[in-house]
Amino acid sequence: MILQSRWTETMKWQVILFFSMLSLCYVFGQVSYSVPEEMSKGSLVGKIAQDLGLDLKRLKTGKARLHVGNSAEYIELNKERGVLLIKERIDREALCKQTTPCALHFQMILENPIEFYRVTVEITDINDNAPIFKMNDMVFEISESAVKGSKFILEKALDSDVGINGLKSYSLNPTDNFALKLNDNTDGGKEVEMVLEKPLDREKEEQLTLTLTAVDGGEPQLSGTVQIHVTILDVNDNAPVFTQSTYKSSLMENSPKGTQLITVTATDKDDGTSGFVTYSISNNIDGILDLFEIHETSGEVRLIGNVDYETSKHYQLNIKAKDQGGLSNSCKIMFDITDVNDNSPIIDLMSTTQSVPEDSTLKTVVAVMNVHDADSDDNGVVKCFLNDNVPFNIESTSNSFYSIITDSDLDRERASEYNITVTCSDEGVPSLSSSVILTLQISDVNDNAPVFERSSYEAYIVENNTPGLSVFTVKATDADWNQNARVSYILEDSSVNGVPVSSYVSVSADSGVIHAVRSFDYEQIKDFHFRVRAQDGGSPPLSSNVSVKIIIQDQNDNPPQVLYPVQTGGSLVAEMVPRSADVGYLVTKVVAVDVDSGQNAWLSYKLQKATDRALFEVGLQNGEIRTIRQVTDKDAVKQRLTVIVEDNGQPSRSATVIVNVAVADSFPEVLSEFIELTHDKEYNDNLTFYLVLALAVVSFLFITCLVVIISVKIYRWRQSRILYHSNLPVIPYYPPRYSDTLGTGTLPHVYNYEVCRTTDSRKSDCKFGRAGSQNVLIMDPSSTGTMQRIQSEKSILDEPDSPIEQKPPNNDWRFTQGQRPGPSGATGGPEVAMGTGPWPQPPTEAEQLQALMAAANEVSEATATLGPGTMGLSTRYSPQFTLQHVPDYRQNVYIPGSTATLTSNPQQQQATAQQATQQALPPPQASAQPEPPKAAQTPASKKKSTKKEKK
């Protein structure tokens with residue numbers, strides 16, 4: 001009655017009722033009740049008839065009964081009252097152990113018509129169990145060297161109650177050396193650790209006895225205690241250490257007994273018995289030791305019982321490793337129990353893709369499948385998933401249809417093929433699953449540039465190599481595939497000392513082999529850099545480059561060169577050694593150099609031949625020639641030493657030098673001894689001298705000719721450039737006995753003007769009058785057009801403000817053929833008509849210089865007068881000015897500074913000729929006898945005159 005009264009006061013029950021009508025007249029309903037455990041027999045559970053809305057008469061006529069299946073009958077139906085009563089006393093701990101919530105499930109069935117109701121009765125816990133320890137006492141052996149903070153796993157108390165009535169806290173007494181620490185476990189319980197707070201001292205106290213008290217949270221509060229006996233050991237300072245703090249493993253619920261599950265390993269750094277580790281299971285959960293065991297020394301965990309997925313889906317084992325010194329450590333083993341079902345899902349691949357590009361976008365569909373299970377209800381509900389570490393995901397598109405799509409970026413270089421494992425499991429009890437493997441190829445895309453094996457290359461090559469020699473090979477790899485990974489090598493454009501690098505090396509496009517194009521000389525170039533580009537065959541192609549350094553290694557290809565003593569051909573040079581010289585007297589020093597480097601330039605000196613080997617020696621390293629004994633009167637005056645200088649190369653090269661030494665105290669004595677040697681060599685020396693002199697003369701003449709030819713070419717080029725850029729007209733004249741130094745005729749082309757002078761200009765002179773307004777004589781009547789242009793420009797220069805217009809030519813400037821200068825001013829023959837007649841008295845050099853200076857002044861004045869718009873040379877001889885406008889300047893007379901007015905008018909010819917003769921020709925007494933007319937020059941004669949002029 002007391003229990004019934006307490007249930008009446010504390011029980012809170014909730015009724016959840018729902019009805020659904022079916023077409024076949026089945027009526028379904030569900031009702032739930034909550035009652036505490038340990039209620040007495042006959043206690044009221046609930047008024048089911050009232051809660052379901054049923055009449056008591058219907059319970060009787062429908063033969064209402066409870067169907068509990070294979071479970072024990074703890075509840076009975078009272079048809080008379082329409083209530084549910086306690087049939088047997090219910091112990092929640094025996095019924096459900098630690099499972100929460102704990103409930104009884106059964107059905108109430110009515111007939112005529114058939115009605116089916118589900119009833120759930122939740123059994124709540126009461127505080128009827130005190131915490132208890134499985135062990136009567138706990139024994140620990142702890143080394144005195146245990147550091148502060150060391151942890152010791154304590155056995156947990158077991159309280160069959162759950163919730164607030166379950167285990168609540170622990171307390172430890174006394175707490176002089178240890179403190180209590182509680183850690184939460186994943187299963188909701190607490191792990192009890194005893195933590196060392198104060199170092200232990202075995203000499204003071206060898207054993208400690210502690211009391212561990214466990215208290216629950218119920219009303220009234222219950223507790224349990226256990227004694228802890230601590231034995232303090234000496235010198236054990238290392239506790240076992242597990243390789244992992246938490247081990248995880250899965251276990252099928254139908255695994256046979258004796259199955260090896262997992263092996264834990266703990267190591268102890270101590271030696272001997274202190275390092276010997278033993279393993280044990282420290283769980284205090286009821287029944288855990290009936291399922292698992294651990295080998296004491298190997299740490300192998302085996303299954304010794306039958307695991308039930310419905311009873312527990314997870315198991316946690318607390319493994320304690322303890323060494324012989326009393327130190328211990330712990331780890332956890334988490335077992336996941338896999339459910340078993342009798343029908344596996346069937347996977348039907350409807351459409352699959354063999355390959356997919358690596359640049360595919362997200363959510364690209366690669367496979368479509370249909371999954372169905374022959375089971376029903378929860379056992380037929382299927383969920384599918386993929387294996388880990390694959391960039392794919394599976395989505396349900398509709399009922400029983402799934403699509404496999406990409407959910408991250410693909411990279412063929414990271415994984416060219418994926419074995420996608422599709423696993424489908426149902427939700428039955430136990431659950432069954434099936435899987436299928438889909439192999440998917442990732443097709444390549446050119447997304448990786450070639451990568452060289454090194455960031456930079458450095459190679460060595462010996463000088464004097466043969467062109468085409470293979471130096472070394474650069475290698476680049478491309479992570480792509482097929483054509484995208486085909487690498488070609490290209491030598492990038494650059495220069496070495498102003499020379500393209502392609503003239504030094506070449507690179508094979510396919511193999512990357514670098515060849516030397518030329519033979520290298522270490523003395524000219526010691527190293528150089530260039531870059532090689534590696535390009536793949538993709539579209540678009542990707543490339544990368546690398547720096548390559550070629551280092552030229554020296555080769556012994558240069559013999560030593562003797563700098564002193566200087567070897568002369570004709571004269572004889574000798575070193576004097578006084579007869580009073582002591583041992584070690586420095587006679588002279590042979591100085592030699594080698595343009596090679598390194599050991600190839602290390603020189604050694606040896607005495608090859610000597611008149612008296614016992615008198616002199618040569619320093620091996622410094623080349624110093626010294627006496628090795630005292631000089632005596634018996635020693636010959638003439639001493640001839642042959643010194644060989646060798647380098648340290650392989651093979652070595654050498655040079656020899658002859659050193660003449662005179663052993664004498666005075667210079668005359670040396671002359672008397674060496675005079676005979678000089679006379680003997682006089683003939684040979686003279687012959688050598690003349691041969692060398694002849695070679696020098698020939699070389700000098702050859703070089704002189706080259707210099708003259710180059711100078712003439714440069715002079716002609718500069719003259720043509722000066723005349724081309726000038727703004728003033730230059731009208732050359734070829735008078736008789738004047739030769740064309742270039743031998744190209746009167747006017748090679750429109751823009752080129754040549755300078756002419758007489759072949760004997762040193763002896764001829766020319767007189768010039770004062771400056772006049774006209775300076776051109778036109779002898780050919782057909783050249784009026786040119787004269788008009790000249791007069792027009794002259795008018796522009798004289799009158800800047802006057803408009804530009806063409807004026808008629810001045811007839812005073814025209815001479816007939818008979819009025820041209822000649823021997824007598826009469827008409828000459830054909831030669832005279834062609835302008836090859838003799839020239840009057842030539843001017844002196846002083847007069848020529850004066851005329852040139854006057855002409856320069858006129859040029860400068862005319863240049864200053866010309867404005868930007870004035871027609872100059874570039875306008876007169878523009879591209880429209882062709883050769884037909886150019887007069888025959890061989891018939892024109894150019895007299896700078898002349899004031900003569902010449903005309904071709906018959907009435908004025910005589911006066912004009914006399915005036916021109918008075919102004920241009922020298923006085924009659926100073927003129928020379930005129931020479932007879934000469935024939936016109938042929939090209940051959942012009943070449944001869946040109947050669948004379950050059951000479």
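In which strand is the place of Lys332?

Reply: Lys332 has its place in strand 24, which covers residues 328–338; strands (E, at least two residues) and helices (H or I, at least four residues) are DSSP runs, numbered from the N terminus. The model is predicted, so local features are described only at pLDDT of at least 70 and side-chain atom pairs only at pLDDT 80 or more, while totals for chains, interfaces and linings use all residues. Residues are numbered from 1 along each chain as its sequence is written, and side-chain values use heavy atoms, with hydrogens and water left out.

Lys332 counts as partly exposed because its relative accessibility is 22%; buried means under 20% relative accessible area, exposed means over 50%, and partly exposed lies in between, with a 1.4 Å probe and protein chains only. Setting aside residues up to four places away in sequence, Lys332 touches Asn185, Glu191, Ser245, Thr246, Tyr247, Gln316, Leu317 and Asn318, where a contact means heavy atoms within 4.5 Å. Ile281 is 51 residues from Lys332 along the chain, and their C-alpha atoms are separated by 9.9 Å. For the protein as a whole, 67% of the contacts between residues at least 6 apart in sequence join residues at least 24 apart.

On one hand, strand 30 pairs with strand 27 (residues 365–372) in the antiparallel sense over five bridges, and Val368 stands opposite Ser403 of strand 30. On the other hand, six bridges join strand 30 to strand 29 (residues 392–398), again running antiparallel. In that pairing Asn393 stands opposite Ile405, while Ile394 has Ile404 as its bridge partner. Strands 29 and 30 form a hairpin with two residues between them, and Ser400 in the turn has a positive phi of about 70°.

Another open sheet has three strands in the order 46-50-49, with antiparallel pairing. Strand 46 (586–589) and strand 49 (616–618) are its edge strands, each pairing on one side only, and the twist averages 20° from one strand to the next. Three bridges join strand 46 to strand 50 (residues 624–627), the two running antiparallel, and Leu586 stands opposite Arg626 in strand 50.

As for the whole protein, there are twelve helices and 56 strands, and 39% of the 951 residues count as buried. The accessible surface comes to about 53,200 Å², of which 52% belongs to carbon and sulfur atoms; accessible areas come from the Shrake-Rupley method with a 1.4 Å probe, and for residues only the protein chains shown count as cover.

Key: Pairing = 2+ DSSP bridges. Axes fitted to C-alpha atoms, helices over the stretch in contact; angles between N-to-C directions.
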